[in-house]
Amino acid sequence: MKKFMGNLCVFFKNNLAWILPVVSVIVVAALVLVIFNFANGIPVNSKTSYIYDENGNIIGVETTETSGGRSDTEDSYENDTQSSTSYLNSASESEPIKSNDINSDALVLNLPSDNSSSSTPSVTPPTSTPVQPPAPSFISQYKKGSTYPKFSTSNNIVANETITYKTVGTTPLKMNVYYPSDGLKNKNIAIICFEGSAWVHDTANWDGGKLAQTAKYYANRGFVAITVCHRSITYSSDTDVYDLLEDCADAYKYIEDNLDYVNDDYMMLLGESAGGHLALQLSLDSRYGVNPHTVVAMNPVIDLNDKNGGSYYLWETTASSEALRGTASPVNSIRKNNTKYLIVHGKSDELIKYKTITDFVSSMTSAGNTCELYAVSGMKHAFLVFGYISSDDVIIGHMQSMDTTIDNFLGIS
């Protein structure tokens, strides 16, 4: 060993003239490479995470790369993070999820977005899916739609309360409140109903409106059900749809502020035809400050400038110009929000074409909203209004089918 070390020392001594420069070049090159990589940020960490919608479904993949780098703004070093996100189409094809419809091929559809035909990357889901938060404990006091007592329209429809929520000029605007059939509970779910009839009704002599039986149906389910009177579009020569929307927003806020037995986080809007328009527009137009948990819109008017359905003469009464009507149209007000939507429509609706509705639902879904369609073949406009074109049994059958979706939205199990 001593001989080996001695020979090694002699070697280095005799060859030092060329060994030292070579070693110096190698060391300097290594240092330059390290400094270059650090300054320009070679990734030192890469992470892939999955993006979920509120139902726990994967809708995209996000890849995050973190590298070391020099700050451009200060004399220090910091991590640089770059993210890339790709979203999957929400569905590849429409799937029926109804099984208990009555004398129809009624379907609840999650419509695909317009770009659903494009190719998407394959994604391997993680081994565990996110746990959804449980419904609030008070929800357990409600029964699923299929288990509550049968509703009878022969009962006298009498409101438990009639409340004046505002006065316009000398005209009081009222709401009728129907308590749950099994009594008021703590912080009840409330369903607020806006009737149709082309935004026209007898404001001065309003007695509960055409959705009184609908409200009683939901009161029988255990909800607080409320029918609302707003100004008629014929109230005065200068009344327009914006006045009606203001009235409905004021009614909503009155309920929030004054009915202590209503749970503000579980308020629903239900509208039929013109009332469906009001319910949708209130929830979509952020200027009104109305944020319901759920909206049920039955054959709703969604475009006040729609000339395809043969009812443009009715839409024209809502505002004095096409621009004003356009601003008050749900089709032009779509935005991402937390409200859940159930759109109900007859495929033979003669006033609002079915394709107009499917296009709207597709646009709502593409915007990131929970929006489902309950479509019924052979049914015309206003087929869910009691005493109109459908028998009570047919109406109740469809409403009980709709309850499955409503129960899912509310977390009733």
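Author: A disulfide is a pair of cysteine sulfur atoms within 2.5 Å. Start with two cysteines. The sulfur of C248 lies 9.3 Å from the closest cysteine sulfur, in C229, which means too far for a bond. The structure holds 0 disulfides. C229, whose nearest cysteine sulfur is that of C248, is in none.

A word on the source. This is a predicted model, where local features need pLDDT of at least 70 and side-chain atom pairs count only at pLDDT 80 or more, while totals for chains, interfaces and linings use all residues. Residues are numbered from 1 along each chain as its sequence is written, and side-chain values use heavy atoms, with hydrogens and water left out.

C229 has a relative accessible area of 1%. For C248 the value is 0%.

Now the whole chain. Of its 413 residues, 46% are buried. The chain exposes about 20600 Å², and carbon and sulfur atoms supply 52% of that. Such areas come from the Shrake-Rupley method with a 1.4 Å probe. The chain has 8 helices and 12 strands. These are DSSP runs numbered from the N terminus: helices are H or I with at least four residues, strands are E with at least two. Contact means heavy atoms within 4.5 Å. Take the contacts between residues at least 6 apart in sequence: 71% join residues at least 24 apart.

Next, the cores. A nonpolar core is a set of buried Ala, Val, Leu, Ile, Met, Phe, Trp, Tyr and Cys residues joined through side-chain atoms within 4.5 Å. In soluble globular proteins, nonpolar side chains tend to be buried together. The largest core here has 55 residues, and I192, F194, W199, I226, L269, L282 and I343 touch the most other members. Helix 3 (residues 241–258) gives the largest share of this core, 9 residues. Look at I192. Leaving aside neighbours within four places in sequence, its contacts include I226, V228, Y252 and L269. Apart from this core lies another, of 37 residues, among them L270, V376, I396 and I412.

Helix 8 is mostly covered. It runs over residues 392–410, and 14 of its 19 residues are buried. From first C-alpha to last, helix 8 reaches 25 Å, close to the 27 Å expected at 1.5 Å a residue. The expected span is 1.5 Å times one less than the number of residues. Helix 8 also has a kink of about 25 degrees, centred on T404. That bend is the angle between axes fitted to the seven residues ending at a residue and the seven starting there. Just after helix 8, G411 takes a positive phi of about 85 degrees.

Helix 7 (residues 354–366) has 13 residues, and its end C-alpha atoms are 18 Å apart, in agreement with the 18 Å that it should span. Its buried residues include T356, I357, F360, V361 and M364. Helix 4 (274–284), strand 11 (340–346) and strand 12 (370–376) are among what covers them. Just after helix 7 comes G368, with a positive phi of about 100 degrees.

Most residues other than glycine have a negative phi. S197 has a positive phi of about 65 degrees. It sits in the loop between strand 7 (188–194) and helix 2 (212–221). S197 counts as partly exposed, at 27% relative accessibility. S273 has a positive phi of about 60 degrees. Its loop joins strand 9 (262–272) and helix 4. S273 is buried, at 10%.

T227 lies in strand 8 (residues 224–228). It is buried, at 2% relative accessible area. Beyond four places in sequence, T227 is in contact with residues including C193, W206 and A215. T171 is found in strand 6 (residues 171–178). It counts as buried too, at 14%. T171 and Y235 are 64 residues apart in sequence, yet 9.9 Å apart in space, C-alpha to C-alpha.

Methods
Buried means under 20% relative accessible area, exposed over 50%, partly exposed in between (1.4 Å probe, protein chains only).
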